[in-house]
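Visitor: I have some questions about the labels used for this protein. Could you walk me through them?
Guide: Gladly! Let's look at it together.

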Amino acid sequence: MGYIDSDLDIYNAAAFIHDGRIVDTYRKMYLPNYGVFDEDRYFAAGSECPVYTLNGTPVGVNICEDIWYATGPAVVQRAAGAEIIVNINGSPFHAGKRAFREKMLATRAADNGLFVAYVNLVGGQDELVFDGGSLIFAPDGSIIAEAVQFKERLLVADLDVEAVFRSRLRDPRTRKERGADLAHIGTPVKVAVSDYADREDTPALPTANKCLPADRKTYDDVAEVYAALATGTRDYVRKCGFSKVLIALSGGIDSTLVAAIATDALGNENVVGIAMPSRYSSEGSVLDAIALCNNLGVELWTMPIEDAFSAYLDTLAPKFAGTETGVAEENMQSRIRGNLIMAVSNKFNWLVLTTGNKSEMATGYATIYGDMAGGYAVIKDVPKQLVYDLCRYRNTVGNTAIIPQSVIDKPPSAELRPDQKDEDSLPPYSVLDPILKAYVEDDYAFDDIVAMGYDADIVKQIVTLVDRNEYKRRQAPPGIKITPRNFGRDRRMPIANRYRPF
C-alpha cells in the first residue's frame, strides 16, 4: 500500500506488509514534475530496487512513474530475479490515455520477460479522476486479467510464475544483465518475506493464468469520458459534504448535459434545476428545460428574472444614459441568474454546478460572476463538439432518449439579446475546437496552425481570445480534467504580462 515515508526527507513510498507487520518500504525513484504532477517539489527520490521473496516467488514493487521508464527500477528488479512486478498507481484519467498506458505496460512486461500487475486508484478528487482499470500482463505482453474502469474491484488471477524461470533458462540475455552494472539506475535489495511455496489454505484454480472475476467492461471513447465526468461529479459532491446540487437550466445543450451527468452520478432526488427565463429566452428553450426535467425525474424551479432585470436597468439608467445597449446589459442577465442560484445554494447548502464548456472557457465566452458562478464546473474541460457527442451517447443508454432532440438540433445561443447565436461572436465550433486543441493542448504556434489550413484572421482572433481571458479562467471553479491538457494545473500561464503575439 502507498504512504508517505520520512527519514531525513519525505518520500512517496510503498509499504510491503505481511502477516500484520511492515516488512520493508520501497521509495519511488522517478518523480514527475509536469502537467498535474508536482512530486519533485515535495519528495526526495529513492535509490533502492527491492525484490521480495513471497511464498518462494520473487516480487518487485515500484510506483506509478517508475514503470514508464524502459531503464527504470523494473530492469534492476528483473536482474535481481523478480518474476512479478507490482506497480501501484494514482494515475489520473484523460481521454485516450488507457490505450497508451496498455501499450506501454505490455512493452515493459515483454521486454523484461515477467508478469506486471498494474494497480490503479478509483475515484475523483478535485479536478482529477482516477479510472481504475487495473491490469495484469503476461511475460509476452498479453493481458491476462483486467478490472472494469471507474469501479472498485478485487482482481484475482492465478499466474504460472515458474514459466518465467523456465523461460529465463533458455534466454542468455538475463545472464548477461545479472553481471551488468545497473548502479546508475538503482541498487538491488533482496528481502525474504516467506520462503514456503505452498499453503494448504490457498485454493488452486483449475487453469494457470485464470482471472476471477472476468467483469471487463470496455468503453468506447465517448462513453469513457461520460463515465469519468459522472465519477468526478459524484466524488467531488460527496467528499465535500453536499447532499444536493443546483443547476441553472436554460434549455441549452451545456446545462442539459450537466443535468444528465449529475442525475446519473447522484440520483434524480439530489438534483434541482432552476429555470430563470428573461425577455430574450425563447419559448422552445423553456419547454426543453421542462421536458428534460420530466425525462430525468428532476425537480424544476422557475424564477423569471424580468422584474429584477428591469430594476437593474432602471438603477443604472442615469449612468448609462447616452450609451448604446451592449455587452454590459447582456451580462447583467447572467449575473442576476448567478446571484439567484447562489442565494438558493447559500440558503439550503446545495452545491451549484456550472455549465460552461472548454470552448467557452478558452475564449472567454462566459460571464464572470454570472454563469461562471458556482462550486464545480463539470464540463469545464469538454470542448463544445464533444458536448454534443456526449448528449447523443447518453440518448443511446437505456430504453428511451432522455435529452430532447430539439436541444441537440437547435443552434447554440446564450439568449441574452434578440436572435442571438454563438456564431455571432465566435467561429463555428467545427473550426474553433480544432484550433483550440492545436493552440492549447498541442502548443502549435500561430504560423503552424495557419499552415494546417485555417484562416489567418480566425486563428489570430482565437489565439488573442485565449491569451486575453486567462484572468477569467483563474477565477472559475474547479472542473474535471478529461483532455491531455486542461486549463489550470496543466497549462499555467501568467495573467499580467505585456506580451502581445500580434
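Guide: A word on terms to begin: a residue is buried under 20% relative accessible area, exposed over 50%, and partly exposed in between. Keep in mind that this is a predicted model.

Visitor: Why does Y69 count as partly exposed?
Guide: Its relative accessibility is 36%. That value lies between the limits of 20% and 50%, so Y69 counts as partly exposed.

Visitor: And what makes Y30 partly exposed?
Guide: Y30 has a relative accessible area of 21%. Buried would need a value under 20%, so Y30 is partly exposed.

Visitor: Why is the aromatic pair of Y30 and Y69 called stacked?
Guide: A pair of aromatic rings is described by the distance of the centres and the angle of the planes. For Y30 and Y69, the centres are 4.1 Å apart, with 20° between the planes. Pairing needs centres within 6.5 Å, and stacked needs planes under 30 degrees apart, so this pair is stacked.

Visitor: What makes the pair of F16 and Y52 tilted?
Guide: Here the distance is 4.3 Å centre to centre and the angle between the planes is 35°. Stacked means under 30 degrees and edge-to-face over 60, so this pair is tilted. F16 sits in strand 2 and Y52 in strand 4, 36 residues apart. Both F16 and Y52 are buried.

Visitor: How many aromatic pairs does the whole structure have?
Guide: A search finds 11. There is also an aromatic cluster formed by W301, F348 and W350.

Methods:
Residues are numbered from 1 along each chain as its sequence is written. This is a predicted model: local features need pLDDT of at least 70, side-chain atom pairs count only at pLDDT 80 or more; totals for chains, interfaces and linings use all residues. Side-chain values use heavy atoms; hydrogens and water are left out. Rings of Phe, Tyr and Trp (its six-membered ring) pair if their centres lie within 6.5 Å; planes under 30 degrees apart count as stacked, over 60 as edge-to-face and the rest as tilted. Helices (H or I, at least four residues) and strands (E, at least two) are DSSP runs, numbered from the N terminus. Buried means under 20% relative accessible area, exposed over 50%, partly exposed in between (1.4 Å probe, protein chains only).
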